[in-house]
Amino acid sequence: MPDRVAIVGVGHTQFRATSPGLSYKELMFEAATKAYADAGIDPRRDIDSFVCCSEDLSEGTGIFDEYVPDQIGAAMRPVHTIAGDGLQGVVAAYMQILTGAFDVVAVEAHSKASNILTPNHVLALAMDPIYVRPLGAHPHIVAGLEMSRYLYESAANREQCAQVVVKNRGNALFNDAAAYGADLDPEEVLQAAAAFAPLSRLDAAAPADGAVVVVLASAARARALDAEAVWVLGAGWCTDSPALDSRQWGTAEYARLAARQAYRLAGISTPSREIDFAEVDDTFSYKELQHLEALNLFRPGEAGPATAEGLTAMDGDLPVNPSGGSLGVGHLGEATGLYRLVEAVRQLRGEAGPHQLPDVEVGLAQSWRGVPTTTGAVVVLGKEPEA
Amino acid sequence: MGSLEHIERVDELGQWPGEMPVNFLYTVGVAGERFLRELKDRGRFLGSRCPDCQYTYLPPRLYCERCFAELTDWVEVGPRGTVEALSVAHQDLDGEPLAEPETFALIRLDGADGLLLHRIKAPAAEELELGATVEPVFLAKAARKGSILDIQHFRPASSGRR
Amino acid sequence: MGLRRVAIVGAGMTKFMRRAMETGRELSWQASRMALDSCELTLKDVDGVVIGTAPDVFDGVHMKGEYLADGAGAWGKPVLRGYVGGGTGVFSPIQGWYHVASGLFDVVLVVAEEKMSTCHPHPQGAFLSIFDNILERPLEPNLIWIFALEMRRYMAAYGLSKRDIALVSVKNKRNALDHPCAQVAENITVDDVLNSEVMVWPVNRLDVSPVSDGAAALVLCAEHVAKRVTDKPVWIDGVGWHLDSAYWTNRELCYPKYVEYAARMAYRMAGITEPRKQIHVVEPYDPFSYKELHHLEGLLLCGKGEAPQLTADGVTQRNGDLPVCPSGGLLGVGNPIAAAGLMKVAEIFWQLRGEAGKRQVPGKPTCGLAQAWGDLMQVGTVIVLRT
Amino acid sequence: MVSGREYPGTPLSDEDLHQGKVLTVERDPNARYAWDTGVAIGRFLAELKNGRIIGRRCYRCRRTVVPPRMFCEQCFRPTDEWVYLKDTGRVNTYSISYLRWDASRVEEPTIPAVVEIDGADKGMGFLHLLSEVKPDDVKIGMRVKAVWKRPRDRVGSIRDILYFKPY
């Protein structure tokens with residue numbers, strides 16, 4: 001069992017569909033300023049290493065990692081980019097601290113999705129150039145296909161998926177940072193225009209702009225800092241086949257394997273009983289259900305009925321996405337998972353304000369990198385260093 | 001926040017346009033050459049099989065992703081197959097509504113384990129279900145280029161033995 | 001220090017080529033499979049994977065790490081893609097090091113790939129997008145501008161001539177004649193370099209490494225595994241990386257301070273106090289002839305402005321007192337960006353094991369170093385290996 | 001190195017690729033963007049349109065920097081005030097380019113340079129072009145002055161400065 005690592009600071013901007021008054025550097029500076037204030041540290045003195053999460057083509061810059069250090073206090077320091085989701089950045093920081101060579105590591109991720117004029121053309125460049133792209137399909141066809149397979153295998157239905165949308169956009173009404181809170185009923189979701197049937201327009205999270213910074217520290221440093229620590233109990237990450245032809249379609253195999261690694265590190269054997277709430281990826285409504293089953297929080301086929309019964313609502317047995325999720329907050333690109341981690345930290349600190357859950361001790365944050373990937377990460381957090 | 005000054009009037013907001021100023025030319029690779037030439041020249045599907053993992057890749061691969069063996073066992077699969085997932089696209093890449101919705105499917109060709117993504121055209125595509133049997137419609141031989149688009153689309157299989 | 005020891009036990013690479021028939025995934029598999037075969041391990045033995053690959057605009061694939069994952073052996077495994085521009089190739093084993101040193105992984109496959117030939121009409125076009133999108137791209141800079149600007153500054157600071165610098169190309173291209181994977185090995189003279197076409201003065205065609213396709217891979221493992229699989233482990237004793245400010249036009253370009261900081265970090269970890277005495281063979285990054293000299297100075301292997309004299313005196317020849325780029329380097333073997341950096345680490349691995357064949361440096365070296373550099377003349381990555 | 005082993009990889013010639021000897025797929029990425037210029041660069045561009053170069057000053061480290069930014073990368077704090085700079089400066093370094101951005105060749109070379117701007121701290125410059133000077137006559141440390149587009153042609157761009165020339 002490795003030593004514990006703590007989250008000692010979190011900061012983020014508001015999330016909105018556009019952010020026209022600020023450059024990406026200025027967004028990052030705001031999130032970093034808040035996170036370092038939260039941790040009570042000076043990055044020029046106290047942070048040993050920095051991890052930024054980005055993909056070049058999401059930024060429109062050939063080697064984007066060039067442009068990250070200055071606005072997060074990282075110029076002339078050990079800095080590296082993870083071309084991945086913010087939670088993958090967190091595991092990179094976690095490992096660095098576990099080596100014993102680093103005490104404090106900061107992780108940054110952001111979204112300037114509004115600056116991409118041809119987002120689906122860009123996303124199509126992530127599809128196989130020989131066998132998939134020539135078909136000319138919108139990349140979200142992958143989600144439509146996966147949803148059809150998931151509904152077929154799990155016996156979940158579109159109504160249950162619509163209830164995920166209603167719940168998450170409703171939860172977002174109580175999260176000031178969220179971009180897309182709305183008061184909907186399931187019928188309105190079901191009647192939304194078909195996009196990639198069975199997926200409707202309202203089944204998909206809309207993108208939003210914003211930046212997130214998180215500070216991690218070794219146990220010794222966390223105790224020395226005047227910050228309220230939340231502990232990383234376990235972390236896991238995994239990739240299934242990147243190719244459409246040989247991946248698992250009905251189940252989220254990457255999430256199952258990532259959770260298995262995280263639970264093993266956290267010493268969790270019955271996640272549905274030991275985890276009090278979860279922030280899971282809901283880039284598409286059905287993904288929340290599929291992910292809950294892969295995370296072993298519900299048995300296969302049970303996440304849909306459980307959602308319909310309200311078990312995943314704010315006042316349910318296992319609240320899921322009290323933040324509003326990506327459907328309610330907005331999809332934050334590579335910052336999506338990192339913001340979920342921030343939300344889990346806030347809940348465990350009792351600082352979630354109007355969407356605070358009562359009596360929570362252990363929370364889970366999970367990410368998926370979106371279509372067409374099969375990559376995801378899981379971090380289990382707790383109030384105390386021992387699970 | 002963070003900074004000491006901000007833009008306070010919308011007429012001071014600015015954007016700067018740009019693009020990725022390149023084009024791409026991809027080789028189809030060692031396994032792709034064999035697969036696409038067979039498609040072009042003979043209208044046949046070749047998969048590559050890993051005997052240890054008992055898995056037949058389609059499109060074929062040079063290596064087994066599960067055990068890293070080099071795959072040298074090429075097997076003919078299809079042309080018929082089973083629909084394993086279905087989706088109807090209503091938007092194009094620009095997010096604009098398609099005049100005619102298009103049906104896409106993941107198809108498991110008979111004898112393969114891997115799934116092929118392609119278009120389905122059928123008189124009543126909305127009535128198609130998972131598990132349906134489909135068959136490819138190829139371009140005329142002279143028009144084929146050694147591309148996945150040498151298959152125009154799949155369609156529900158005419159009755160008869162698979 | 002108490003850090004967990006990490007060994008390199010296997011290495012593999014493809015030929016470096018101007019244009020490869022293989023897809024990037026196939027190249028990755030070829031190098032990875034060779035690396036595993038070289039230490040008689042199989043994919044089953046691998047717990048985690050690190051992918052190093054530089055800009056997505058070369059391969060023409062968005063989220064390139066995802067695309068390459070199965071070829072890199074990541075099916076169903078934890079995989080991260082780290083990214084520091086041209087520094088990526090040496091950073092990827094550093095990232096592998098923190099995976100194993102953290103205690104979470106016992107065997108990690110490190111894979112680097114680049115397929116630049118995909119980019120048309122010329123890969124240099126992709127480099128336009130690495131410049132500041134608002135203040136520099138409108139000036140339509142060519143990549144070589146910034147190196148010419150840096151080279152000019154370096155020459156001016158120390159009164160160097162192009163002749164002093166051309167010796168590096170002559171040496172490395174000749175060394176590469178003994179490398180079976182080399183793309184541009186040849187026997188040339190200083191006058192050949194000076195008479196080759198001027199690209200951006202003071203940079204001539206033969207001062208520059210080529211555009212390449214290729215892949216390389218290493219197998220890293222924990223001490224207890226290393227002792228089981230080989231009697232010749234090579235230990236990663238020091239790692240360092242630093243990223244300087246993105247505002248490159250505000251920095252003194254004549255000296256790579258970020259390389260010095262990265263080197264000092266690695267030397268501290270490895271207990272190196274007198275690098276010139278304690279290090280026996282080095283592979284500094286040489287995408288341009290002057291960069292080898294620049295980097296030898298940044299690595300504190302000689303004084304500022306002294307590397308040209310070292311070169312003129314033959315000290316850096318393969319049979320010299322401090323062999324530099326015995327592989328043939330990027331100038332001779334080729335420059336598939338990330339793969340070229342990892343090739344340098346593989347070369348030190350082979351040199352320390354006495355397995356470098358015709359390229360073997362005399363004197364049974366026991367300590368070597370590889371270094372890479374990248375971004376806007378901004379990042380240094382350094383790894384110190386010992387037998 | 002495992003001696004005698006055949007290294008993998010199948011090299012192709014340019015003809016193999018372009019004359020159909022191997023199969024290929026083409027793609028125009030159509031990856032287009034519009035970046036928010038934000039506070040610092042937005043103001044910088046607006047001032048260029050006015051024919052002025054503006055920087056930003058940090059009260060803690062007392063540096064005046066250009067290009068301007070709203071944060072100080074040395075101190076990690078907000079920068080404090082705008083400072084108008086001169087449109088003159090010194091050549092920090094330069095080169096002579098026979099290549100366009102896409103690697104095609106030009107007959108008449110261009111002269112890219114880093115120009116340190118008067119009024120900013122030492123070493124603070126930006127990338128631009130030199131002209132009205134023979135390439136062989138350029139020297140590091142040479143004094144130069146911006147040559148601006150006519151006011152009505154300026155759009156708020158780094159190219160509102162045509163180039164710098166000796167003065």
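**Exercise 1. A strand pair across two chains**

Which strand of chain D is joined to β6(C), and how many bridges join them?

*Solution.* Keep in mind throughout that this is a predicted model.
Step 1. The partner is strand β9 of chain D, residues 96-99. Two bridges join β9(D) to β6(C), and the strands run antiparallel.
Step 2. For one residue pair, look at C:Val200: its bridge partner in β9(D) is D:Ser97.
Step 3. Now widen the view to the whole contact, which takes 51 residues from chain C and 42 residues from chain D. On the chain C side, α1 (24-38), α5 (143-158) and β6 (198-201) each supply at least two residues. The element of chain C that gives the most to this side is α5(C), with seven residues.
Step 4. Sort the chain C side by residue type: 28 are nonpolar, 14 polar and nine charged.

**Exercise 2. The overall form of chain D**

*Solution.* Step 1. Count the elements: chain D has two helices and 13 strands.
Step 1. Set its radius of gyration against the globule rule. Chain D has 23 Å, whereas a compact globule of 167 residues would have a value near 15 Å.
Step 2. Check the extent along the principal axes, where the C-alpha trace of chain D spans about 65 × 40 × 40 Å.
Step 3. Turn to burial and contacts. Of the 167 residues in chain D, 44% are buried. Taking contacts in chain D between residues at least 6 apart in sequence, 51% join residues at least 24 apart.

**Exercise 3. Where chain A meets chain C**

How many residues of chain A are in contact with chain C, and which element of chain A supplies the largest share?

*Solution.* Step 1. The contact brings 50 residues of chain A together with 52 residues of chain C.
Step 1. Several elements of chain A each supply at least two residues to this side, including α3 (56-59), β3 (79-82), α4 (86-98) and β8 (230-239). The largest share, five residues, comes from α4(A).
Step 2. By type, the chain A side divides into 26 nonpolar, 16 polar and eight charged residues.
Step 3. Look for strand pairing between the chains: β3(A) pairs with strand β3 of chain C (residues 79-83) in the antiparallel sense, over two bridges. Here the bridge partner of A:Thr81 is C:Tyr83.

**Exercise 4. A strand covered on both faces**

Why is β11(A) described as largely enclosed, and which strands pair with it?

*Solution.* Step 1. Eight of the eight residues of β11(A), residues 375-382, are buried, so this strand is largely enclosed by the rest of the structure.
Step 1. Separate the two faces. A:Thr375, A:Ala377, A:Val379 and A:Leu381 are buried on one side, and A:Gly376, A:Val378, A:Val380 and A:Gly382 on the other.
Step 2. Find the partners. β8(A) is joined to β11(A) by eight antiparallel bridges, with A:Trp237 opposite A:Ala377. β10(A), residues 362-368, is joined to β11(A) by seven bridges, also antiparallel, and A:Gly363 has A:Leu381 as its bridge partner.
Step 3. Inspect the hairpin of β10(A) and β11(A): it has six residues between the strands, and A:Gly370 takes a positive phi near 85 degrees.
Step 4. Follow A:Val379 into its surroundings. Its contacts include A:Leu87, A:Val90, A:Val232 and A:Ala262. In the largest nonpolar core, of 400 residues, A:Val379 is among those that touch the most other members, as are A:Val90 and A:Leu381.

**Exercise 5. A helix and a glycine that meet**

Step 1. A:Gly328 has 27 other C-beta atoms within 10 Å; the cut-off for a buried residue is 20 or more, so A:Gly328 is buried.
Step 2. Twelve of the 14 residues of α7(A) are buried, so α7(A) is largely enclosed by the rest of the structure.

Key
Residues numbered from 1 in each chain as written. Chains lettered and ligands numbered in written order. Predicted model: local features only at pLDDT ≥ 70, side-chain atom pairs only at ≥ 80, totals over all residues. Helix = DSSP H or I, 4+ residues; strand = E, 2+ residues; numbered from the N terminus. Rg over C-alpha atoms; globule rule 2.2 N^0.38 Å. Contact = placed C-beta atoms within 7 Å. Nonpolar A, V, L, I, M, F, W, Y, C, P; charged D, E, K, R; others polar. Pairing = 2+ DSSP bridges. Core = buried A, V, L, I, M, F, W, Y, C linked by C-beta atoms within 7 Å. Lists of a residue's contacts leave out its neighbours within four places in sequence.
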